[in-house]
Amino acid sequence: MTRPLLSEIAVSPQALSAMSAFHPHMVQEVSAAVAKDAIVVVGMAQNPVVKRARRNLDAAGLSYTYLEYGSYVSQWKQRLAVKLWSGWPTFPQVFVRGTLIGGNQELEGALLDGSLRQRLADK
């Protein structure tokens, strides 16, 4: 089941313009890393779940690109732009071979069931 999204035809041109101008450099930076690198973790400082995801990847011996944007009170608008782009509501956001697999819970599951390594092997 797909999450319902507001159709572009139901958004005014002014609102669409404001949406596209909402921290586009953040979206471009994350999008470029996701397109280029096999594993990308997008996170924030002081978040224990982000730290756990990184530890899980380190323990598995997997290299990854880590993009950190602020902490709980800083850069929240920039992080919001990334959330709006990906559709994922929390951090970390873990991408494997260009696909968002979810957060740390989904990462742990993919490490346990072997699907993360399978996704890395598929080119």
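Predicted model: local features only at pLDDT ≥ 70, side-chain atom pairs only at ≥ 80, totals over all residues.
Leaving aside neighbours within four places in sequence, which residues is L57 in contact with? Contact here means heavy atoms within 4.5 Å. The list is I39, V41, L62, Y64 and L107.

Residues are numbered from 1 along each chain as its sequence is written, and side-chain values use heavy atoms, with hydrogens and water left out.

Okay, the overall picture. The protein chain has six helices and four strands. Those are DSSP runs numbered from the N terminus, with helices being H or I of at least four residues and strands being E of at least two. Reading from the N terminus, the order is α-α-β-α-β-α-β-β-α-α. Along the principal axes, the C-alpha atoms fill a box of roughly 45 × 30 × 25 Å. Of the 123 residues in the chain, 35% are buried. By buried I mean under 20% relative accessible area; exposed is over 50%, and partly exposed is in between, using a 1.4 Å probe and protein chains only. And of the contacts with a separation of 6 or more, 61% are between residues 24 or more positions apart.

Now look at strand 1, residues 39-43. Five of its five residues are buried, so the strand is largely enclosed by the rest of the structure. In a regular strand the side chains alternate between the two faces of the sheet. Here, I39, V41 and G43 point one way, while V40 and V42 point the other way.

Who sits beside strand 1? Strands pair if DSSP finds at least two bridges between them. Strand 2, residues 65-68, pairs with strand 1 in the parallel sense over four bridges, and V42 stands opposite L67 there. Strand 3 is joined to strand 1 by four bridges as well, but these two run antiparallel. On that side, V40 stands opposite F95.

Between strands 1 and 2 comes helix 3, residues 48-59, and the three make a right-handed β-α-β unit. Right-handed means that, with the strands pointing away from the viewer, the path from the first strand over the helix to the second runs clockwise.

That brings us back to L57, which lies in helix 3. L57 is buried, with a relative accessible area of 0%. Its contacts include I39 and V41, two of the residues that point one way from strand 1. L107 is another of its contacts; L57 and L107 are 50 residues apart in sequence, yet 8.7 Å apart in space, C-alpha to C-alpha.

V42 and R79 are 37 residues apart in sequence, with 9.2 Å between their C-alpha atoms.

F95 also turns up in the aromatic count. Rings of Phe, Tyr and Trp (its six-membered ring) pair if their centres lie within 6.5 Å; planes under 30 degrees apart are stacked, over 60 edge-to-face, and the rest tilted. The count comes to one pair. W85 and F95 form it, tilted, at 5.8 Å centre to centre and 35° between the planes. W85 lies in helix 4 (residues 76-86) and F95 in strand 3 (residues 93-96), so the pair ties together parts ten residues apart in sequence. W85 is partly exposed at 36%, whereas F95 is buried at 4%.

Last stop, the charges. A salt bridge is a side-chain nitrogen of Lys or Arg within 4 Å of a carboxyl oxygen of Asp or Glu, and the count is one. The side chains of D37 and K36 make it, at 3.1 Å, N to O. D37 is buried at 17% relative accessibility, while K36 is exposed at 65%.
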